[in-house]
Amino acid sequence: MADQLNPTHSQIADYLTDIIISEMTQYLMDDFGYSMMTAIDVIYTSDVIKLLQQEEDELYVQSSSYVYELLLKEKGLVA
């Protein structure tokens, strides 16, 4: 029970990263009509996902909309 009350830095990073990925998936589905699998593919084939998953860079502490904008710029989906 003590572990649940005091999550590790890594557990927090994983949790926040999962939330951002989930929200970006929904954004792509809503904004571009992508299927869930296409949206996930766009995310997981990006450089942004690599940055997001690097714990030391702490991109996961940014808002999902900020990370989404980075993804859109990388993929050329927005100017």
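User: Does Leu28 count as buried or exposed, and why?

Analyst: This is a predicted model, and the general idea is that a residue is called buried when its relative accessible area is under 20%. In this structure, Leu28 has a relative accessibility of 0%, and therefore it counts as buried.

User: Where in the chain is Leu28 found?

Analyst: Leu28 belongs to helix H2, which covers residues 9–32. To place that helix in its setting, read the elements from the N terminus on, where the order is α-α-α-α-α; the chain holds five helices and zero strands.

User: Which residues is Leu28 in contact with, leaving aside its neighbours within four places in sequence?

Analyst: A contact is counted when heavy atoms lie within 4.5 Å. By that reading, and with those sequence neighbours left aside, Leu28 touches Gly33, Tyr34, Ala39, Val42 and Ile43, and it also touches Tyr68, Leu71, Leu72 and Leu77.

User: How many residues are in the chain, and what percentage of them is buried?

Analyst: The chain has 79 residues, of which 27% are buried, and Leu28 is one of these buried residues. For the chain as a whole, the accessible surface is about 5,300 Å², with 54% of it belonging to carbon and sulfur atoms.

User: What does the chain span along its principal axes?

Analyst: The C-alpha trace spans about 45 × 25 × 20 Å along those axes. Turning to contacts between residues at least 6 apart in sequence, 58% of them join residues at least 24 apart.

How values were computed: Residues numbered from 1 in each chain as written. Predicted model: local features only at pLDDT ≥ 70, side-chain atom pairs only at ≥ 80, totals over all residues. Heavy atoms only, no water. Helix = DSSP H or I, 4+ residues; strand = E, 2+ residues; numbered from the N terminus. Buried < 20%, exposed > 50% of the residue type's maximum accessible area, 1.4 Å probe, protein only. Areas by Shrake-Rupley, 256 points an atom, 1.4 Å probe, with all protein chains shown as cover.
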